[in-house]
Amino acid sequence: MTLDFAPMEGITGRDFREVHAACFTGVDRYWMPFLSPASSHQLTARQLRELNPGPLGCDRLVPQILTKDAEDFRCAAAAIGELGYREVNLNLGCPSGTVVSKGKGAGMLRDPAALDRFLDAIFSDAPLPISVKTRIGVNDPAEWEALLSILARYPIRELTVHPRTRREFYKGDVHLDAFRQAAERLTFPLRYNGNLFTSAAVQKTEADFPCLSGLMIGRGLLADPALITRCRGGTRSREALIAFHEELAARYLRYMHPDVAVLPKFKELWLYLSLLLPDERDWKRLRKCSRWADFHPLALDLLRNAALQEEADFSRLP
Ligand SMILES: Cc1cc2nc3c(=O)[nH]c(=O)nc-3n(C[C@H](O)[C@H](O)[C@H](O)COP(=O)(O)O)c2cc1C
């Protein structure tokens with residue numbers, strides 16, 4: 001079973017992935033946050049920079065496309081194939097209001113007949129194998145049955161299921177019964193994603209669903225970047241955590257404004273990293289900083305000296 005790093009738009013960009021892979025072992029593949037192809041069918045310079053496989057290489061990266069237009073999907077997939085990638089992923093899960101209102105991401109689950117037509121178009125003329133990442137519905141888990149019947153008809157390279165509806169965003173319990181339904185029904189490879197926050201949770205899911213091709217972990221790896229390292233029998237070293245933090249900061253500071261861009265990015269990361277700290281008040285002190293010059297020494301001091309907990313405390317996540 002492979003253990004992959006979930007795509008997280010705004011967080012797990014190229015710098016993040018490369019620095020993480022240099023500091024921590026164990027992650028099989030890194031999924032790239034979605035790219036939205038333009039109707040001009042030209043990838044932008046920024047998209048090409050993100051898609052440059054760099055030291056990780058195409059085999060450890062999964063590019064993802066967010067669109068409801070089959071021709072836009074096909075052109076972007078072809079360009080991605082030319083760069084050397086062997087798989088492209090379709091996003092059917094993004095719950096964000098701006099994405100869903102345009103009928104993309106989880107918005108594509110709203111109209112199963114239209115989704116069927118879209119899948120028929122992209123699979124009938126696919127320049128490379130297509131995998132899919134989905135939720136189980138828009139408003140109600142009862143929608144999953146009809147969606148599953150449609151998905152089951154296509155030669156999906158691998159299906160990743162985040163068993164929540166769009167309405168649930170990332171909160172509350174996951175619907176494991178809906179995921180089990182997929183595991184019993186589908187014949188192609190299936191990957192689980194959702195709320196894997198501790199090494200015990202990862203082990204339990206591996207044991208409960210031995211038929212899976214793998215698991216995908218998002219927020220658990222932001223809170224403890226060594227979560228997969230630990231699941232693979234390794235340990236979390238303070239040195240690796242500090243090296244990760246400092247190298248990521250150094251990369252961002254090369255081309256981003258410290259206060260305007262690096263600080264908000266690090267606050268988003270520390271929203272999760274701080275769940276390892278025993279004292280919640282440390283996060284409040286960090287959150288109050290309005291300048292990188294105040295935030296950075298405080299963050300570094302916590303990484304060097306705080307007594308980190310064995311597992312992140314996700315009950316504190318707002
Ligand atoms: C800030 C943020 C950005 C995300 N961006 C993407 C994305 O670009 N593509 C995608 O498929 N999922 C995206 N997701 C969803 C995650 O990949 C994952 O499905 C979700 O966090 C649930 O897994 P977890 O409980 O392990 O975190 C994002 C989630 C968050 C919180």
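1. Gln64 and the ligand: a polar side-chain atom of Gln64 lies 2.8 Å from a nitrogen atom of the ligand, a polar contact being a pair of N or O atoms within 3.5 Å. This is a predicted model, in which local features need pLDDT of at least 70 and side-chain atom pairs pLDDT 80 or more, while totals for chains, interfaces and linings use all residues. Residues are numbered from 1 along each chain as its sequence is written, and side-chain values use heavy atoms, without hydrogens and water.

2. For Asn193, a side-chain N or O atom is 2.6 Å from an oxygen atom of the ligand. For Asn195, a backbone N or O atom lies 2.7 Å from a ligand oxygen. Of the 610 Å² of accessible area that the ligand has on its own, the protein covers 91% (Shrake-Rupley method, 1.4 Å probe).

3. The shell around the ligand has 19 residues, where near means a heavy atom within 4 Å. Pro7, Glu9, Asn193, Asn195 and Arg219 come nearest. By class, the shell holds eight nonpolar, seven polar and four charged residues; Asp, Glu, Lys and Arg count as charged, and Gly is among the polar ones.

4. The domain assignment, automatic or from a database, gives domain 1 (34-194) and domain 2 (238-316). Their centres, taken over C-alpha atoms, are 31 Å apart.

Terms used: Polar contact = N/O pair within 3.5 Å; in protein donor to acceptor, adjacent residues only side chain to side chain.
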